[in-house]
Amino acid sequence: MPHARQRLADEVRNPPVQPTAHSGSHAQILRLVLDNMAEGVCVADLDGRIITANPAAEAVFGPLHGVAFDERFGPGFRLDDQITPCPPALRPMTRAIRGDSIERQSLFIDRGQDPDSGQRRGAWIRVNARPLLETDGRIVGGVVVFRDITHIKATEDRMAYLAQFDLLTGLPNRFQFRQRLDRAIHAARGAGRRLAVLFLDFDKFKEINDTLGHELGDELLVAIARRIADSLDPSVFVSRLGGDEFTVIVEDAEERSTIVAVAERLQRALDNPFPLAGNAYTLSASVGGVVFPDDSDAIDDLLRKADMAMYHAKEQGRNNFQFYNAAMTAVAAERLAMKTLLAQALERGQFFLHYQPLVEAGSGRPVGVEALLRWCSEEFGLVSPANFIPLTEETGLIVPIGRWVLETACRQARAWELAGQPPIEIAINLSPRQLRDPALLEHVRHVLDSTGLDPSRLVLEITEGLLIEDMALSRRVLTALKRLGIRLALDDFGTGYSSLSYLNSLPFDILKMDGSFTRNLSDARGDNLGGQAIARAIIALGQSLNMILVAEGVETAEQHAWLTKTGCDLVQGYHFGRPAAADDVTGTLQALELAHSARQIGHGDFAI
C-alpha cells in the first residue's frame, strides 16, 4: 500500500502523458491550470495527508504538502443557522476519503480570537469534496476544491443588517417594525390583551432640515433617535419608518394611562434643545395613538389610524398626544376627495412628466433620463407625488396612468432622437399594480412598436418591496419583459428587504442605490455602519453580479468624485440637473454633452 500511495503522489504531481502527437505539453498544461485556478485545490491520500496543493489553497492555509488537511483546517466551524463546531465526521477531506461527496458547504476557518475586538478571526470558504477513485472504483484518496468567500459573507452580513435596521439611526426599520407588530398582535390576541401603536412626527423638522441641509438634518435625526430610545423601557419597541416618522409598540396597554405615560416620556425626551452647527434647536413631537383590538386588528389599518391621530395632534397645535377616534374624518375626507379628483385627472389632462438626467460617473456624458409623474389639480394645486401616487395604487388608477406615462415618455425619447439628440435611455417606474396587470406585456410591446423606440433604450425600474409580495409572479413577468429587449433596474436598493437571493434569480441589469446612502457618504466611521462602508459594499455587490450600478441623490461634486473613484457606473441627482419639463431638460442634456465633449478634447481623445 505505501508503494501505491507513493505512485499516486507521483502521478498527481506529474500526470502520465498519453503518447499522442501533442503529448509533450499535457502535463505542463495541467500543472499550469492548477497553479492559475482561483479555487484552492488539495489532493490527499487515504491518511488524509496532502500530496499536492495549488497556490490558491496555500494562500488560505499556508504550506500544505505532507500535512493532514483536516488538521490544518483545525476544529473549524460549520454554517447552519449559527456558527457551530464542525465534528471530525463532517470535515471535508475525512468525508471524501470515506466515499462521500460535499457540494457547496460553507465553512469558517478559525484563526483564534482578536485580542482587541474579541471577535473570532478567520476566513470563510465554500467547499466541494470528492473521493479520488482508481479506474476500478477503489478509493485512493480525496480531492477538496474551495473558494475564499470571506468578502461575500461580509457583504451578506451587511445586507442582513440593512434588511432589519435603519442605516442612519441604527433603530429597527419599517420591515422589522411590521414583523414585531405582527408577533405582538398574535400574542395579544391569544392572551386577550391590548397593545398600542404610537406614531411620531417631529414638528417643524422639515423647516430645520431645509435650512441646515440634509447632512445636518441627518445628524439631528440621529440625536433624536438616541434620546427617544434612551427614554423608553427596554420592553417598549421603537423604530424609524423613514424621514422624521417614528413608531412605538407598547405591548402592556391595558390602561390608557400607561399609553399616555409612554407618549409623555417621548415628548419630554425632546425638551432640551439640540446643539447643532453652533446653534441650539428646539424640537417637539406630535404623537398619535391607536389601540388593538379596540380600533382595529390589522397592521396596516392600525398604522393608518395612528397616522391619522398624529395629524389630528398637529391640527390641535402640535406638541401633543391624541388617541384615534372615529370622529377624525378631516384627513380621511381630503384623501377621499383626492381619490375622486384623481379618477378625472387623466381625462382632464392634468398629468405631466418631468425628466431628470442620468450621466456616466467617470465621463459626465448624459446617457438617459428618468421620467417622473407630476399632477396639478385645479382644487389642490401641484400635489406632491408622495401624496397622490399611493392613492393611485390603492384605487388601481395607477394602471391607466402608468400606461399613459409609458407611452408619453417613450414618445418623448423618440422625439429627442429624431431631433438629432444622441440616443438616450428612458427610465420609467413600474408600480406593483402594473406588474400584476395581465395586459402589461402586450401594452409595452404596443408602445415600443407604435413609437418606434429601440427596446434597448427603455429601462423599467422596480422597487424591492413588490418583489417579495409574489416572487413567482415577479420572476415570470420580469423574464417576459426582458425578452422584449428592454432592461430592468432594481430601484431604491437597500431600503427594503434586501435579499441577495432575488438579485441572483431575477433578470436585473441595473442596481439603483437609494439616495439615502449617497447622502451618508460623508459618514466615514470605522465600523460597518459607516455611510461609505455601506455604499462601497453595495457597489461591490453590483460589480460582483455584473450589474450596472446607479447612485441616486447625488447633490455635490464631492459625492460625485467619491462614487466615481469607488467604481459607480452612473449617477443621478441635483448636481447634474433637477427634474424638469422636456424642453428644459433638452437644454440640460445638450449642456452636459458639450461639457463631456470639451473634457474629451482636453484629454486629447479627439484629433483637432
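Among contacts in the chain between residues at least 6 apart in sequence, 62% join residues at least 24 apart. The model is predicted. Its chain holds 23 helices and 23 strands, and 47% of its 608 residues count as buried.

**Helix 7 and helix 11**

- Two packed helices are described by the angle between their axes and the distance between the axes.
- For helix 7 (residues 174-191) and helix 11 (residues 299-315), the packing angle is about 110° and the axes are 10 Å apart.
- Helix 7 is therefore roughly perpendicular to helix 11, because an angle of 65 to 115 degrees falls in that class.
- On the side of helix 7, the contact is formed by Arg174, Phe177, Arg178, Leu181, Asp182 and Ile185; on the side of helix 11, Ile299, Asp300, Leu302 and Leu303 take part.
- By class, the residues of this contact of helix 7 with helix 11 comprise six nonpolar and four charged, with no polar ones.

**Helix 21 and helix 22**

- Helix 21 (residues 531-544) packs with helix 22 (residues 557-566) at an angle of about 40°, and their axes are 10 Å apart.
- This angle makes helix 21 and helix 22 oblique to each other, because angles under 35 degrees count as roughly parallel and those from 65 to 115 as roughly perpendicular.
- The crossing of helix 21 and helix 22 is right-handed.
- Gln532, Ala535, Arg536, Ile539 and Gln543 are the contributors from helix 21, and they meet Trp562, Leu563 and Thr566 of helix 22.
- The contact of helix 21 with helix 22 divides into four nonpolar, three polar and one charged residues.

**Backbone geometry in loops**

- Most residues other than glycine have a negative phi, and most peptide bonds are trans.
- Between Phe292 and Pro293 the peptide bond is cis, with omega near 0°.
- Pro293 is located in the loop between strand 13 (284-292) and helix 11.
- Arg318, which is not a glycine, has a positive phi of about 65°.
- The loop that contains Arg318 runs between helix 11 and strand 14 (321-323).
- Arg318 counts as partly exposed, because its relative accessibility is 36%.
- Asn546 is a residue other than glycine whose phi is positive, near 55°.
- Asn546 is placed in the loop between helix 21 and strand 22 (548-551).
- Asn546 counts as exposed, because its relative accessibility is 73%, and the cut-off for that class is over 50%.

**Cysteines**

- A disulfide is a covalent bond between the sulfur atoms of two cysteines.
- With a pair of cysteine sulfur atoms required to lie within 2.5 Å, the count comes to zero disulfides.
- Cys42 counts as buried, because its relative accessibility is 0%.
- Cys568 has a relative accessible area of 6% and is therefore buried, given that the class covers values under 20%.

Technical notes. Residues numbered from 1 in each chain as written. Predicted model: local features only at pLDDT ≥ 70, side-chain atom pairs only at ≥ 80, totals over all residues. Heavy atoms only, no water. Buried < 20%, exposed > 50% of the residue type's maximum accessible area, 1.4 Å probe, protein only. Axes fitted to C-alpha atoms, helices over the stretch in contact; angles between N-to-C directions. Helix = DSSP H or I, 4+ residues; strand = E, 2+ residues; numbered from the N terminus. Parallel < 35°, antiparallel > 145°, perpendicular 65-115°, else oblique. Contact = heavy atoms within 4.5 Å. Nonpolar A, V, L, I, M, F, W, Y, C, P; charged D, E, K, R; others polar. Left-handed = near helix turned anticlockwise from the far one by under 90°.
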